[in-house]
Amino acid sequence: MMSAKVLDAMNAQINAEIYSAYVYLAMSAHFESANLPGFAKWMRLQYAEETAHALKFFDFIHERGGAVTLKAVDAPPPAPATPLAVFEKTYAHEQKVTGMIHDLYKLAVAEADYPAQVFLQWFINEQVEEEKNASDAVARLRMIGDFAPALLMMDEEMGERGGED
Ligand code: FEO
């Protein structure tokens with residue numbers, strides 16, 4: 001059984017992950033409208049990944065005998081105008097999520113919740129990858145600048161992303 005503090009924080013994280021999913025779904029819609037189907041697909045897979053993250057917390061809470069409490073999800077902000085600005089925002093968002101996961105881990109340590117610490121290690125590793133994916137895209141988009149042919153090539157490449165969890 002988890003302490004009330006860990007349970008509340010994990011329920012809050014379900015909301016944060018669903019919000020992340022919503023942010024990326026909005027970005028996917030933005031890229032669909034901008035005729036960049038590869039970026040749109042990448043963001044749609046990111047949406048699915050965030051939903052899977054929420055479900056990992058959902059399942060873990062139940063495994064520990066806790067109760068899941070779902071709260072209202074905020075509307076996502078409008079996507080920024082350029083692909084570079086979208087990925088800069090994605091990178092900043094993932095850095096924020098990393099901070100949340102680290103805070104959760106600190107709480108699990110303070111509460112001597114060893115199963116939660118082991119569970120959260122997956123997310124600590126996942127955030128390293130999430131930040132790298134976003135910062136790599138930012139770096140490449142900065143190189144591309146306003147050169148449309150290179151942007152279209154990157155769009156094709158982004159569309160080759162497969163599903164993960
Ligand atoms: Fe659920 Fe993108 O971190």
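Trainee: What kind of model is it, and how are residues numbered?

Mentor: It's a predicted model, where local features need pLDDT of at least 70, side-chain atom pairs count only at pLDDT 80 or more, and totals for chains, interfaces and linings use all residues. Residues are numbered from 1 along each chain as its sequence is written, and side-chain values use heavy atoms, with hydrogens and water left out.

Trainee: OK, salt bridges. How many are there?

Mentor: The count comes to 7. A salt bridge here is a side-chain nitrogen of Lys or Arg within 4 Å of a carboxyl oxygen of Asp or Glu.

Trainee: Which residue does Arg-161 form a salt bridge with?

Mentor: With Glu-49, and the closest N and O atoms are 2.7 Å apart. Arg-161 is in the segment after helix H5 (148-158) and Glu-49 is in helix H2 (residues 37-63), so this pair ties together parts that are 112 residues apart in sequence. Helices are DSSP runs of H or I with at least four residues, numbered from the N terminus.

Trainee: Is Glu-49 buried or exposed?

Mentor: Buried, with a relative accessible area of 1%. Arg-161 is buried too, at 10%. The cut-offs are under 20% relative accessible area for buried, over 50% for exposed, and partly exposed in between (1.4 Å probe, protein chains only).

Trainee: And what does Arg-64 pair with?

Mentor: Arg-64 forms a salt bridge with Asp-113, the closest N and O atoms being 3.1 Å apart. Arg-64 sits in the loop between H2 and helix H3 (83-110), and Asp-113 in the loop between H3 and helix H4 (114-144), so the pair ties together parts 49 residues apart in sequence. Arg-64 is buried at 15% relative accessible area, and Asp-113 counts as buried at 6%.

Trainee: What about Lys-132, which residue is its partner?

Mentor: Lys-132 forms a salt bridge with Asp-136, with 2.6 Å between the closest N and O atoms. These two are 4 residues apart in helix H4, which means about one helical turn separates them. Lys-132 is partly exposed at 48% relative accessibility, and Asp-136 is partly exposed at 33%.

Trainee: Switching topic: how many aromatic pairs does the search find?

Mentor: A search of the whole structure finds 9. Rings of Phe, Tyr and Trp (its six-membered ring) pair if their centres lie within 6.5 Å; planes under 30 degrees apart count as stacked, over 60 as edge-to-face, and the rest as tilted. Among them, Phe-31 and Phe-87 have ring centres 6.3 Å apart and planes at 25°, so that pair is stacked. Phe-31 is in helix H1 and Phe-87 in helix H3, so the pair ties together parts 56 residues apart in sequence. Phe-31 and Phe-87 are both buried.

Trainee: How are the rings of Trp-42 and Phe-87 arranged?

Mentor: Their centres are 5.3 Å apart and their planes at 65°, so this pair is edge-to-face. It links distant parts of the chain, with Trp-42 in helix H2 and Phe-87 in helix H3, 45 residues apart. Trp-42 and Phe-87 are both buried.

Trainee: Which residues form the ring cluster?

Mentor: Ring pairs link Phe-57, Phe-60, Phe-119, Trp-122 and Phe-123 into a cluster. Lys-56 lies over the face of Trp-122, 4.2 Å from the ring centre.

Trainee: Which ring does the charged end of Arg-161 sit over?

Mentor: The ring of Trp-42, 4.5 Å from its centre. The rule is NZ of Lys or CZ of Arg within 6 Å of the ring centre and within 35 degrees of the ring normal.

Trainee: Now the surface. Which residues form the nonpolar patch?

Mentor: Ile-18, Tyr-22, Leu-25, Tyr-47 and Val-73, with about 370 Å² of accessible area together. Patch residues have over 30% relative accessible area and no salt bridge; nonpolar side chains (Val, Leu, Ile, Met, Phe, Trp, Tyr) are joined within 5 Å, and like charges within 9 Å. Areas come from the Shrake-Rupley method with a 1.4 Å probe, and for residues only the protein chains shown count as cover.

Trainee: Which helix gives the largest share of the patch?

Mentor: Helix H1 (residues 4-33), with 3 residues. Tyr-22 lies in H1 and is partly exposed at 39% relative accessible area.

Trainee: And where is Asn-35?

Mentor: In the loop between H1 and H2. Asn-35 follows H1 and has a positive phi, near 60°. At 63% relative accessibility, Asn-35 counts as exposed.
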